[in-house]
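Colleague: I have a new model open. Can you walk me through how to read it?

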Amino acid sequence: MSGEEDARWLEWVTKQFESIAGEDKEIDLDEFKTALKVKESFFAERFFALFDSDGSSSISLDELLGALDLLIHGSETDKLRFLFQVYDVDGSGSIDPGELRTVLKSCLRESAISLSEEKLDDLTLALFESADRDASGAITFEELKAELEDFPEVMENLTISAANWLKPPEAEQKKQRTPRYLTRAYWHNNSRKLLFLCSYACLSLALFAGAVLQHRHASVCYMLAKGCGQCLNFNCTFVMVLMLRRCLTWLRATWVLRVLPLDQNILLHQIVGYAILGFTLVHTTAHVFNFAQLSERSDFGLWEYLLTTRPGIGWVKGTASVTGVVLQVVICLMGICSSTFVRRSGHFEVFYWSHLSYVWVWSLLMVHCANFWKWFVVPGLVFLLEKIIGVAVSRMGGLYIVEVNLLPSKVTHLVIKRPQFFQFKPGDYVYVNIPAIAKYEWHPFTISSAPEQSDSLWLHIRSMGQWTNRLYEYFRQLSPAAAPASRTPATRRSVEATVGNGEESLPWPRRHGAVASNEDRAVELTMYRHGDSRAGGPGRSPPDDPGTAERGEASPPTEVSAKLGENRRFCDIKCYVDGPYGTPTRQIFASEHAVLIGAGIGITPFASILQSIMYRYRGRKQNCPNCKYSWCENIKDNEMKLRKVDFIWINRDQKSFEWFVSLLTKLEMDQADEEPEGRFLEMHMYMTSALCKNDMKAIGLQMALDLLAKKEKRDSITGLRTRTQPGRPEWAKVFRKISEENKGKVHVFYCGSPALAKVIKAQCEYFSFNFYKENF
């Protein structure tokens with residue numbers, strides 16, 4: 001740092017010290033733990049011992065500055081020496097296996113990673129054998145330094161360490177950058193939306209101007225009210241057109257998609273909604289002023305003009321003013337209840353029920369305005385037809401939820417018996433009604449199973465609101481693994497027998513440390529046994545042990561059956577499904593290089609897409625009749641133009657990976673052989689609760705996980721071959737690498753939190769990638 005930065009850093013650290021130390025001007029161990037904000041006290045105690053150079057059981061300002069100066073300004077060797085001292089618990093000058101195990105156990109707790117004691121022993125052994133190069137039974141400083149040099153990404157940013165908690169915030173650099181909305185990339189990537197908005201604005205302006213000119217001989221307030229009224233005639237109808245889901249789904253398959261921003265219909269619906277609210281407020285205010293002027297020249301007072309039918313204003317018995325006031329109140333309430341705060345705060349039902357007021361709005365508009373019916377009649381008939389079709393389709397077939405799996409983080413996995421007539425595309429969503437939960441409520445969820453899976457429909461629903469919480473609690477209170485009466489004893493025994501196979505017959509056994517839940521393994525094994533299409537085709541055996549399905553080894557460990565019974569329920573619960581409806585992800589097969597980014601439960605649309613992609617990928621695989629070598633021909637066809645798929649999944653904690661780890665493992669198995677041009681599907685897993693590799697508290701653990709993954713060819717956290725990366729992705733580096741691969745035009749599909757969507761969209765605009773956000 002420069003002299004000025006050093007002075008600022010010193011001043012900042014001094015203030016931090018004074019705020020922590022209090023009146024005694026010393027920091028004790030408890031104050032140090034609080035300030036360091038670590039989950040595991042081991043590191044706080046080790047850092048405290050090293051900072052406390054005089055052994056007084058407290059840290060002075062001078063001692064703190066000396067230690068931080070070493071960690072921030074010191075050489076690479078100085079920082080490594082500090083790290084070595086943290087690991088050398090007994091101060092003997094070397095690290096023995098017991099000390100290394102203690103450190104790694106603390107690293108696991110700090111990163112919120114849960115592994116078995118056996119796996120911890122494996123990690124300790126892998127790192128110790130690699131670092132103890134002279135086989136002396138202890139790791140010296142030179143050996144640790146040599147080991148770290150094999151991990152350049154760790155050495156590169158070792159400064160980002162325990163000193164982070166007292167590093168001054170970076171000074172905000174005011175750069176002269178072109179506003180995002182004025183960049184060429186932004187206009188290129190949003191051309192359809194911007195053109196549409198310009199056309200919409202011009203049309204609204206033309207309608208406003210036409211109405212004003214038509215009443216140019218009246219007062220200004222009256223002209224303003226009439227101009228806004230004409231715009232409201234158009235907007236109150238157009239806002240409905242943007243939500244004709246069946247029509248929009250059909251249009252997505254036509255050339256219209258290349259001209260109109262159909263994938264952003266929700267955003268446009270919101271914009272038109274805000275426009276309606278604005279026009280309504282101006283329209284009402286203008287009429288109030290107009291009535292105030294009229295009341296001065298007539299026998300009626302202002303309140304009579306506004307709240308009674310006496311003045312006779314309006315084409316239906318003078319009700320224009322009364323209906324106008326009611327409309328103003330209803331539209332304002334709809335606008336407030338539609339805000340992001342209401343929808344995202346677990347009160348979706350408030351938004352849902354208030355939005356149903358659109359029926360009253362249209363009815364009152366018919367009475368309020370003499371010309372509204374002319375705007376409404378055609379779109380209204382289409383809307384009514386869609387509703388009738390939706391009700392008819394949803395009530396046909398008598399759908400039933402036949403199985404439920406309760407997954408971590410309160411995720412409910414529903415298995416619905418799929419009717420023969422139900423056809424959908426990967427990434428589509430449906431509206432679901434479960435009378436047992438709420439008789440009149442319909443909620444949208446993405447289909448997580450592939451279209452090729454003909455027997456059932458999967459939905460993964462995370463508990464985030466009142467309805468979803470009631471859903472989870474309803475199935476949690478059902479008897480575990482209770483088969484319905486309609487299931488025969490033979491069927492029940494078949495399922496139990498399938499589940500009851502030994503560990504060796506499972507595709508992802510616990511000996512590998514996978515986090516796949518027992519119920520997922522049992523379900524997958526069931527699919528392999530019975531030739532289910534979800535397992536990759538009729539009669540396909542589990543890849544870890546071909547032929548196990550025919551041998552039928554016996555009896556499982558007791559804990560497997562217990563956990564299966566706790567989380568899995570068989571049932572026959574009536575439900576209704578309205579859909580399917582298309583989403584932006586329908587364009588994935590028309591792209592050449594697709595990047596799928598899911599945050600948390602945002603993986604659900606991509607679960608369906610990935611399965612469908614791999615079905616098509618297997619269809620293009622070729623096998624040599626002599627040596628049985630398999631490869632995938634680089635064929636471009638009308639159904640799938642994809643040359644490369646990158647899947648990025650970001651999760652907060654380890655348990656969240658259990659949702660779809662069995663599916664991802666199966667996808668990895670489909671690509672067991674390397675292709676000449678590299679893997680067709682690449683997976684990238686990120687766990688945000690885990691500390692990054694360059695954090696001093698996690699360096700040893702991440703090195704051990706890397707070494708064990710290379711040895712076992714399997715990640716210790718998820719059980720996948722893909723190594724789980726700690727922390728968050730560095731999007732600039734991720735997209736730069738994707739751009740350099742040059743596999744064709746890149747389309748990025750995202751589903752997850754809106755905050756992360758803004759970050760990814762900005763990067764896509766910088767690299768000129770097409771960005772699509774799942775939104776419904």
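Modeller: Start with a pair of helices. In this predicted model, α19 passes α20 in a left-handed crossing.

Colleague: How is a helix pair described, and at what angle do the axes of α19 and α20 cross?

Modeller: Two packed helices are described by the angle between their axes and the distance between the axes. Here α19 covers residues 358-368 and α20 covers residues 372-395. Their axes cross at roughly 150° and come within 11 Å. Angles over 145 degrees count as roughly antiparallel, so α19 is roughly antiparallel to α20.

Colleague: Which residues of α19 and α20 meet?

Modeller: From α19 come Y358, W362, L365 and M366. They meet F372, W373, F376, F383 and K387 of α20. By class, this contact has 8 nonpolar residues, no polar ones and 1 charged.

Colleague: How do α3 and α5 cross?

Modeller: The axes of α3 (residues 41-51) and α5 (residues 76-87) come within 9 Å. They cross at roughly 120°, which makes α3 oblique to α5. This crossing is right-handed. On the α3 side, F42, F43, R46, F47, L50 and F51 make the contact. On the α5 side, F82, Q85 and V86 do. The contact of α3 with α5 divides into 7 nonpolar, 1 polar and 1 charged residues.

Colleague: What does L664 touch?

Modeller: Leave out residues up to four places away in sequence. L664 then touches L610, F647, W649, M683, M685 and L720.

Colleague: One last residue. Is T249 buried or exposed?

Modeller: Check its relative accessibility against the cut-off. Buried means under 20%. T249 has 10% relative accessibility, so T249 counts as buried. T249 sits in helix α13 (residues 245-251).

Colleague: Which residues is T249 in contact with, leaving aside neighbours within four places in sequence?

Modeller: T249 is in contact with Y581, G582 and R586.

Technical notes. Residues numbered from 1 in each chain as written. Predicted model: local features only at pLDDT ≥ 70, side-chain atom pairs only at ≥ 80, totals over all residues. Heavy atoms only, no water. Axes fitted to C-alpha atoms, helices over the stretch in contact; angles between N-to-C directions. Helix = DSSP H or I, 4+ residues; strand = E, 2+ residues; numbered from the N terminus. Parallel < 35°, antiparallel > 145°, perpendicular 65-115°, else oblique. Left-handed = near helix turned anticlockwise from the far one by under 90°. Contact = heavy atoms within 4.5 Å. Nonpolar A, V, L, I, M, F, W, Y, C, P; charged D, E, K, R; others polar. Buried < 20%, exposed > 50% of the residue type's maximum accessible area, 1.4 Å probe, protein only.
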